[in-house]
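Visitor: I have a structure open and some questions about it. Can we go through it together?

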Amino acid sequence: MLMGHAAAPVPCRLVAAAYRDEQEASDKVTRLGGVDACLFASPIPYELARRSGVLTMPATHVQLGGAALTAALARAALDDRIDPRRVSVDVLSRAEVDEAYADLGLSTAEVHSRDEPGATGTIAAFHERLVRQGATTGALTCIPGVADRLTAAGVPAIRIRPTSAAVRTALHTAALLGAHHRLEESQLTVILVEVPTLREPVRRAAPRYWRDELRLSLHRLLVQEANRINASVWPIDDHSYLVVATRGSIAGATDGFRVLPFAARIRDELGLAVEVGVGMGRTTHDAETHARAALARTQAGKAAQGFAVDREGRALVPPPRMPPQSAGPVKPKGVEVLARLAAKLEGGDTVVDAEGAGKMLGVTPRTARRLLRTLVDEGLAWPLPPNRTPQPGRPRQLYRLIVEKLNR
């Protein structure tokens with residue numbers, strides 16, 4: 001909570017929901033009510049809440065793989081009772097375990113893992129049984145209750161704790177999800193940007209400082225572009241970058257996913273061609289997986305068929321552009337309606353409902369509702385989440401008028 005007030009990229013209010021056991025996560029989400037996004041402390045409570053169907057808002061969790069697992073292995077190496085090559089690991093997938101051990105040059109032949117969620121006692125019994133049988137020397141667990149039970153039973157146990165960097169990244173992700181939740185169907189979006197020039201082998205004739213300077217210039221440019229859409233940028237390696245944002249912000253920056261993000265400015269200012277893939281998902285991991293699939297499409301020359309993959313894993317192909325209208329004094333009907341509404345808006349408020357729009361246009365709410373849907377179809381308004389009230393009846397549907405398009 002203390003870290004969140006300094007790490008959040010947009011103004012937000014953090015609400016804590018502590019629990020004694022991960023099984024209480026679903027109930028805590030229900031009790032919280034109308035929050036814009038949920039951030040879980042680990043994959044276990046997130047998965048339990050997701051399976052129960054209570055996640056009606058965007059949600060993510062703090063990652064416990066990667067650096068967190070490596071740090072736990074380092075602590076295990078300092079414990080005389082534990083051999084890191086002969087341990088049991090819970091919660092994390094086998095792929096995450098294999099990757100961490102491969103980075104350290106260690107074999108996983110005698111490492112046992114269990115990624116299925118379950119009761120604290122069940123998971124603790126899994127670790128304890130392996131130690132009693134002599135198959136392992138200790139346990140690496142992501143669950144505090146399991147660590148307490150194993151310690152009480154005399155079983156060597158090491159907690160896998162999130163690193164500070166993982167917490168900051170998760171807070172960034174959760175804050176971005178919440179910030180755009182009310183403006184658009186909020187979906188976590190990851191953009192992968194790769195530079196073929198930097199991916200190619202270094203030529204002996206090419207000075208090394210030239211590549212370093214190019215990477216620095218590209219990182220600076222991506223940070224500037226990301227700041228414009230409330231996104232965050234992280235370098236992955238010496239030739240690729242990861243940008244975390246939301247679908248709404250990326251859609252606005254790419255003309256509805258018709259134009260590759262960042263590519264035009266990078267080409268104009270740095271003279272570089274880049275390969276871009278955009279992926280969406282319910283967690284950072286899902287979104288990055290889909291972004292890599294989209295990047296593969298781009299590298300295969302299929303960017304024109306859609307360079308983005310939605311959270312269901314399908315290529316997001318935007319509708320074709322409409323042919324330009326013939327010159328004439330008559331404007332499209334939607335633009336006329338938007339101009340009439342904009343002329344009567346007060347105080348800069350661009351959010352209306354059918355009843356208010358009907359009064360401004362001099363028509364019935366039913367007709368106004370049809371006209372507002374026309375504006376949505378023509379890209380001149382955004383439907384916002386229904387404004388739910390305690391009173392019975394259909395909730396009030398709000399629309400955000402995109403008056404900026406009148407100046408185009």
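Visitor: Where is the place of Arg-31?

Guide: Arg-31 sits in helix H2. Helices (H or I, at least four residues) and strands (E, at least two) are DSSP runs, numbered from the N terminus. A word on the source: this is a predicted model, where local features need pLDDT of at least 70, side-chain atom pairs count only at pLDDT 80 or more, and totals for chains, interfaces and linings use all residues. Residues are numbered from 1 along each chain as its sequence is written, and side-chain values use heavy atoms, with hydrogens and water left out.

Visitor: Is Arg-31 buried or exposed?

Guide: Exposed, as its relative accessible area is 64%. Buried means under 20% relative accessible area, exposed over 50%, partly exposed in between (1.4 Å probe, protein chains only).

Visitor: And how far apart are the C-alpha atoms of Arg-31 and Ala-17?

Guide: They are separated by 9.1 Å. Along the chain, Arg-31 and Ala-17 are 14 residues apart.

Visitor: Back to H2. At what angle do the axes of H2 and H3 cross?

Guide: At roughly 70°, and the axes come within 8 Å. Axes are lines fitted to C-alpha atoms, for helices over the stretch in contact, and angles run from 0 to 180 degrees between N-to-C directions. H2 is therefore roughly perpendicular to H3. Angles under 35 degrees count as roughly parallel, over 145 as roughly antiparallel, 65 to 115 as roughly perpendicular and the rest as oblique.

Visitor: Which residues make that contact?

Guide: From H2, Ala-25, Ser-26 and Val-29. From H3, Pro-45, Leu-48, Ala-49 and Ser-52. Contact means heavy atoms within 4.5 Å.

Visitor: What about H15 and H16, how do they pack?

Guide: Helix H15 covers residues 354-361 and helix H16 covers 365-377. Their angle is about 100°, with the axes 8 Å apart. So these two are roughly perpendicular to each other as well. Ala-354, Glu-355, Ala-357, Gly-358 and Leu-361 of H15 meet Pro-365, Ala-368, Arg-369, Leu-371 and Leu-372 of H16.

Visitor: Let's zoom out. How many helices and strands does the chain have?

Guide: 16 helices and 15 strands. The chain has 408 residues, and 41% of them count as buried.

Visitor: Which residues touch the most other members in the largest nonpolar core?

Guide: Leu-69, Val-89, Leu-92, Leu-140 and Ile-160, in a core of 30 residues. A nonpolar core is a set of buried Ala, Val, Leu, Ile, Met, Phe, Trp, Tyr and Cys residues joined through side-chain atoms within 4.5 Å.

Visitor: Which elements supply this core?

Guide: Several give at least two residues each, among them helix H3 (43-52), helix H4 (67-77), strand S3 (87-90) and helix H5 (94-104). The largest share, five residues, comes from H4.

Visitor: What does Ile-160 contact?

Guide: Leaving aside neighbours within four places in sequence, its contacts include Leu-64, Ala-68, Leu-69, Val-89, Leu-92 and Leu-140. Apart from this core lies another, of 29 residues, including Ile-191, Leu-218, Leu-221 and Tyr-241.

Visitor: New topic: Ile-266. Where does it lie?

Guide: In helix H12, residues 263-270. Ile-266 is buried, with a relative accessible area of 0%. Not counting residues up to four places away in sequence, Ile-266 touches Leu-218, Leu-221, Leu-222, Gly-271, Leu-272 and Val-274. Ile-266 and Leu-222 are 44 residues apart in sequence, yet 8.5 Å apart in space, C-alpha to C-alpha.

Visitor: Now the loops. Where is the place of Val-91?

Guide: In the loop between S3 and H5. Val-91 is buried, at 12% relative accessible area. Its phi is near 70°, a positive value in a residue other than glycine.

Visitor: Last one: is Ser-42 buried or exposed?

Guide: Buried, with 7% relative accessible area. Ser-42 is in the loop between strand S1 (38-40) and H3. Not counting residues up to four places away in sequence, Ser-42 touches His-61, Val-62 and Leu-64.
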